[in-house]
Amino acid sequence: MSQAAAPHTYEIKSASLPLVSFLLKTPDTSALQADMTRRLGPTPGFFDNDPVVIDLSVLEDPNQQLDLPSVCLMLRTHQMLPVAVRGANEHQLTNARKAGLFEASDLSIQTPAAPSVETLVQEVIREVEVVREVQTGSGAAMVIDKPLRSGQHVYAKGRDLIVLAMVNPGAEIMADGHIHVYAPLRGKAIAGARGDEQARIFTSCLEAELLSIAGTYRTSGDSPLPADVAGKAAQISLQGDKLVMLAL
């Protein structure tokens with residue numbers, strides 16, 4: 001068989017890749033490590049080797065102190081896979097290439113619209129039955145109607161989460177949008193998991209071990225719940241850098 005007639009063993013085609021943008025605001029890797037541990041420590045396994053572009057467009061680093069290989073290592077520790085860099089100067093770009101990152105200078109970072117039912121990705125659910133979806137103002141919410149035991153984890157990716165049964169101590173519920181619990185909330189509740197500061201948590205009985213909105217969190221070990229909301233119907237919102245709890 002001639003070389004010209006030999007079948008091709010591969011093809012090269014264009015492809016699109018969904019990326020998580022990691023907007024870096026400081027060259028201080030010690031401060032970065034502490035903040036990542038504080039914000040991501042309560043949610044191990046939240047990322048599942050999601051590809052990440054490191055955005056340096058707002059970083060001020062006049063002394064060229066940024067250690068990009070260390071930043072990449074921190075991201076990998078939290079199951080993020082750094083693949084590209086954007087907004088880098090020449091010095092940073094040289095280090096980025098040494099770290100195995102490509103330049104994504106023409107990448108536009110957009111806030112995704114609420115997904116439709118047809119485009120929703122399968123959520124991470126362990127031992128929990130999703131009974132149905134209901135339409136809300138922000139799209140289709142995930143609905144759970146069985147109690148969640150210690151060690152169980154539910155994540156409503158790209159939407160709200162509605163739980164109609166008890167969330168026991170040691171269980172964890174997470175949503176990119178709002179969380180509604182129409183039963184005692186005694187485990188961990190993490191709303192706005194991908195940074196939505198407008199997300200809220202609602203429950204008919206607040207007894208949570210951990211509450212978190214957009215990375216700001218409070219644990220029961222930090223301080224007791226306020227008397228006016230402990231064991232009562234309440235809503236939790238993020239105001240500035242504080243979680244505010246109000247009785248309903």
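Tutor: Two strands pair if DSSP finds at least two bridges between them. Keep in mind that this is a predicted model. Here five strands form an open sheet, in the order β7-β9-β11-β13-β14, and the pairing is mixed.

Student: Which strands stand at the edges of that sheet?
Tutor: β7 (153-156) and β14 (216-219) do. Each has a single partner strand, so one side of each is left without a neighbour in the sheet. On average, neighbouring strands of this sheet are turned by 5° against each other, direction ignored.

Student: How many bridges join β7 to β9, and how do the two strands run?
Tutor: Four bridges join β7 to β9 (residues 172-175), and the two run parallel. For a landmark, find Tyr-155: its bridge partner in β9 is Met-174.

Student: Now β13. How do β11 and β14 run against it?
Tutor: β11 (residues 188-191) is joined to β13 by four bridges and runs parallel to it. Lys-188 has Leu-210 of β13 as its bridge partner. β14 is also linked to β13 by four bridges, but that pair is antiparallel.

Student: Which way do the side chains of β13 point?
Tutor: In a regular strand the side chains alternate between the two faces of the sheet. In β13 (residues 210-213), Leu-210 and Ser-212 point one way, while Leu-211 and Ile-213 point the other way. All of them are buried.

Student: What is the order of strands in the four-stranded sheet?
Tutor: The order is β1-β2-β3-β4, in an open sheet with parallel pairing. β1 (20-23) and β4 (102-103) stand at its edges with a single partner strand each, so one side of each is left without a neighbour in the sheet. β1 is joined to β2 (residues 50-55) by four bridges, and the two run parallel. Leu-23 stands opposite Asp-55 in β2.

Student: How do I read one side of a helix against the other?
Tutor: In α2 (residues 68-77), Leu-68, Val-71, Cys-72, Met-74 and Leu-75 are buried. They cover an arc of only 160° around the axis, which puts them on the same side of α2. Leu-73 and Thr-77, on the other side, are exposed.

Student: What do the buried residues of α2 pack against?
Tutor: They pack against β1, α1 (29-40), β2, β3 (80-86) and α3.

Student: Is Gln-92 buried or exposed?
Tutor: Gln-92 lies in α3 (residues 90-98). Its relative accessible area is 6%, so it is under the 20% cut-off and counts as buried. Leaving out residues up to four places away in sequence, it touches Leu-56, Leu-59, Asp-61, Leu-66, Leu-68 and Gly-87.

Student: How should I read a nonpolar core?
Tutor: In soluble globular proteins, nonpolar side chains tend to be buried together. Here the largest nonpolar core has 30 residues, and those with the most contacts inside it are Leu-161, Ile-173, Leu-185 and Leu-211. Strand β10 (residues 179-185) gives the largest share of this core, four residues. A second, separate core has 21 residues, among them Leu-24, Leu-32, Leu-59 and Val-85.

Student: What does Leu-161 contact?
Tutor: Apart from neighbours within four places in sequence, its contacts include Met-142, Ile-144, Val-154, Ile-173 and His-180.

Student: Which residues other than glycine have a positive phi?
Tutor: Gln-64 is one of them, with phi of about 55°. It sits in the loop between β2 and α2, and is partly exposed at 44% relative accessible area. Gln-79 is another, with phi near 60°. It is found in the loop between α2 and β3, just after α2. At 32% relative accessibility, Gln-79 also counts as partly exposed.

Notes. Residues numbered from 1 in each chain as written. Predicted model: local features only at pLDDT ≥ 70, side-chain atom pairs only at ≥ 80, totals over all residues. Heavy atoms only, no water. Buried < 20%, exposed > 50% of the residue type's maximum accessible area, 1.4 Å probe, protein only. Contact = heavy atoms within 4.5 Å. Core = buried A, V, L, I, M, F, W, Y, C linked by side-chain atoms within 4.5 Å. Arc of directions from axis to C-beta. Axes fitted to C-alpha atoms, helices over the stretch in contact; angles between N-to-C directions.
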